[in-house]
Amino acid sequence: MIPSTSTFPRNAEEALVDNRLQAALATLPGGLVAQRRAAVAKVPEFEALRDLGREIRDHTLQNLDGYLKAFEKKATAAGSTIHWAGDAADARLIVHEICRAAGASLVVKGKSMVTEEIGLNAHLIENGIEVVESDLGEYIIQKRGEAPSHIIAPAIHLTQDDVEKDFRTYHTHLPASRLLPDAESLVAEARAVMREKFLTAEVGITGANFLVAETGSSIIVTNEGNGDLTQTLPPVHIVVATIDKVVPTLDDAMVLLRLLARSATGQDMTAYTTLATGPRREGDRDGPRACHVVLIDNGRTDMLAGPLRDALRCIRCGACMNHCPVYNAIGGHAYGSVYPGPIGSVLTPALLGISETAHLPSASTFCGSCEAVCPVKIPLVTLMRTWRERAWSGRLTSRTGRLVHALWGYAATRPRLYHLLARFAAAGGGALGRRRGAFRRLPIARGWLSARDMPAPQGRTFQQLWQETQRGVPR
Amino acid sequence: MQPRAGLFVTCLVDLVRPSVGFAAARLIEAAGCDVIVPQMQTCCGQPAYNSGDRKTSRTLALQTIRAFAGCDYVVAPSGSCAAMLKIHYPKLFADAKPGIRAQVADFSSRVHELCEFLADVKKLRHLPGRFNGRVAYHDSCSGLRELKIQSAPRRLLALVPGVELAEMAEPEACCGFGGLFAERYPGISAAIVSRKVDDAARTKADLLLAGDLGCLMNMAGKLAREGRPIACRHIAEVLAGEMADPPIAQGQNISTTAGACKT
């Protein structure tokens, strides 16, 4: 049901003919893309802000060990317990152990991509713990048994009609005759269903948009307030985050928050921006009794040491996918990975290995729209090319493709031979195709011809004609 | 003595549409340069570079750099190839010996995309071309986002008598070509180019122009497959008035309003 990365071409073909999905994707340009454009236009210093954001992230990554230790010290002082997880399996065990110790039978969750990355829900459910996603989009796809198709808008592949249908299917305790005419009525219904879960859950799990070394705080941004309920109502709060989420100071976090909201949803600020610093203190009227922070590496240290370091600047706004022509054509599920779009095509091979994921960095036009909007200026095209280089040197690309490439390379590095072959190709192609101007069928370029005609050569190469004009032969 | 401008023909222009090369040569001459066409050039190496084959890319880069020794300028009728020569060659040799790095940097500093060369380097005020009709201009990705070429082609079109520029809603959206991408992921590429040609059709333009033959072959191929009446040409053809040949992907027996140069 959840497509795999290795079958990317087939996933994409299926996505392209899925009319429901295409209808949902058609709202992207007028939605998140237009909203970002409008928000950025109102901030004349946005370009400088991007540079500042990049500097903050680079500086942090350069000194990551120090800032992580500083965070640990401050968070511990605030009463949180810090756990270090080397990989996804470690992280699952740690979270499960905390839940077990808390006697949890019900866990509520705020939206968190890293828990998708480590496969947390499935692990907890296997161990007899009920897990309820509290973000509306996540709640819907959890009910449907799907993965998020976007990092900030997990149910962007669905339309309002789909959600109404789903709610009627899943919320059977409510009268079938109820009216659900608009988004507001759907939100109200979800809120009512979820309120009870918030009040009975023993553990609340959230991710973190940022971890602040200066204060030991975690920051989450949401528009539904579900994150706040998740981290304040249950007796135990677990923050799950990868080590790259740390920022030095609150001021740094504010710069990144300005970039994040505008780049993600086109908001000046999300409806809720919440800092959590340890558990409930003496005299606090609410808040969890215990707070745990699980810091996960899962491949980040390896990325930090190599040419993919710049990808760790990512603040997970989703702008790269919103502006990606490939993502716009096929949506997030076709990527078959937790992180879709351009940033996913860089991160996924680092998480799963390039041999299973070589299609992802390959399936890009390298148009550069992602880089043009990235709030921390990640060189996404360069990083995808780095993966292509690894796939190439690992001989992971198709044998036919490599053979054609080798023949082309042989000729292209021998100009005299190349020009001779080009003459033959131009003459042959011109003779066969010039009358119509384009080919509809050829023994080569099947992919190209499946969708469009191949323009025919004019019949002689430029080099050939130019040499003749130099000798005084009229064209 | 006039400056020597080496024409980097590009492999697609050489093979498929030499008339673009002649249009480019005519424009470079109009800008007061002697046109040199080194025979030792083939391809800029981008197909190898974007396939992850750095070795072949470097060989082709050195071949190209040698071929253009002695040229004051290197001008390419393609933002994509120009970006390869100007931006990516130095990256390919970032780890090389200082002498080679300096040689590459010197070469790259002389490289210009055709429109940028004409409008910004040579500040051309008069162009040989004329065309009566509506044209839409597609910003190809490399020229726009790597070389930041956006206004130069539009300023040049404004100098051509009779040209009326009709902007698309999203002139900066990728056409879905992406080199080998179009062949490897044809369905995705088709979806992207469909959006592009729909946008172009809404402008009611007679001619769809771009500065890159790759994008043009993709868009023209799609328009031809769908039997739509918009003709596609390289911008150099309109600027130079080199419009005797039929538009891209159209046959010699088809005449459209944009098929020949109207004077």
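**Close-up views of a predicted two-chain model**

**View 1. Strand β7 of chain A and its partners.** Strand β7(A) pairs with strand β10 (residues 290–296) of chain A in the parallel sense, over seven bridges. The model shown here and in the views below is predicted. Strands of a sheet pair through backbone hydrogen bonds, in either a parallel or an antiparallel sense.

**View 2. Burial of the two faces of β7(A).** Strand β7 of chain A spans residues 236–242, and seven of its seven residues are buried, so the strand is largely enclosed by the rest of the structure. In a regular strand the side chains alternate between the two faces of the sheet.

**View 3. The open sheet β8-β5-β6-β9 of chain A.** Four strands of chain A form this open sheet, in the order β8-β5-β6-β9, with mixed pairing. Its edge strands are β8 (246–247) and β9 (272–276) of chain A, each of which pairs on one side only. Strand β6 (residues 217–222) of chain A pairs with β9(A) in the antiparallel sense over five bridges. In this pairing, A276(A) of β9(A) is the bridge partner of S218(A).

View 4. Chain A has 25 helices and twelve strands. Its C-alpha atoms fill a box of roughly 95 × 60 × 45 Å along the principal axes. Of its 475 residues, 49% count as buried. Among contacts in chain A between residues at least 6 apart in sequence, 75% join residues at least 24 apart. The domain assignment of chain A gives domain 1 (43–301) and domain 2 (400–470), and the centres of these two domains, taken over C-alpha atoms, are separated by 54 Å.

**View 5. The contact between chains A and B.** Chain A contributes 53 residues to this contact and chain B contributes 61 residues. On the side of chain A that touches chain B, 29 residues are nonpolar, 14 are polar and ten are charged.

**View 6. The two domains of chain B.** The domain assignment of chain B gives domain 1 (4–120) and domain 2 (127–240). The C-alpha centres of these domains of chain B lie 22 Å apart. In the contact between them, 31 residues of domain 1 of chain B meet 25 residues of domain 2 of chain B. On the domain 1 side, the elements that give two or more residues are α1 (11–15), α2 (18–30), α3 (46–51), α5 and α7 (114–121) of chain B. α2(B) gives the most to this side, with seven residues. By class, the residues of the domain 1 side divide into 17 nonpolar, eight polar and six charged.

**View 7. Helix α6 of chain B.** Helix α6(B) comprises residues 98–109, twelve residues in total, and reaches 16 Å from its first C-alpha to its last, close to the 16 Å expected at 1.5 Å a residue. Its buried residues include V104(B), F107(B) and S108(B). They cover an arc of only 95 degrees around the axis, which puts them on the same side of α6(B). An α-helix has 3.6 residues a turn, so residues three or four places apart point the same way. On the other side of α6(B), the residues P98(B), G99(B), A102(B), A105(B), D106(B) and S109(B) are exposed. Among the elements that cover the buried residues of α6(B) are α4 (54–67), α5 (79–92) and β4 (111–113) of chain B.

**View 8. The surroundings of V75(B).** V75(B) lies in strand β3 (residues 73–76) of chain B. This residue, V75(B), counts as buried because it has 28 C-beta neighbours inside 10 Å. Leaving aside its neighbours within four places in sequence, V75(B) is in contact with A5(B), L7(B), F8(B), I28(B), H112(B), L114(B) and F117(B). The C-alpha atom of V75(B) is separated by 26 Å from that of A182(B), a residue 107 residues apart from V75(B) along the chain.

Terms used
Residues are numbered from 1 along each chain as its sequence is written. Chains are lettered from A and ligands numbered from 1 in the order in which they are written. This is a predicted model: local features need pLDDT of at least 70, side-chain atom pairs count only at pLDDT 80 or more; totals for chains, interfaces and linings use all residues. The expected span of a helix is 1.5 Å times one less than its number of residues. A residue is buried if 20 or more other C-beta atoms lie within 10 Å of its own, exposed if 12 or fewer, and partly exposed in between; C-beta atoms are placed from the backbone. The arc is that of the directions from the helix axis to the C-beta atoms. Two residues are in contact if their C-beta atoms, placed from the backbone, lie within 7 Å. Ala, Val, Leu, Ile, Met, Phe, Trp, Tyr, Cys and Pro count as nonpolar, Asp, Glu, Lys and Arg as charged, and the others, Gly among them, as polar. Domain bounds come from an automatic or database domain assignment. Two strands pair if DSSP finds at least two bridges between them.
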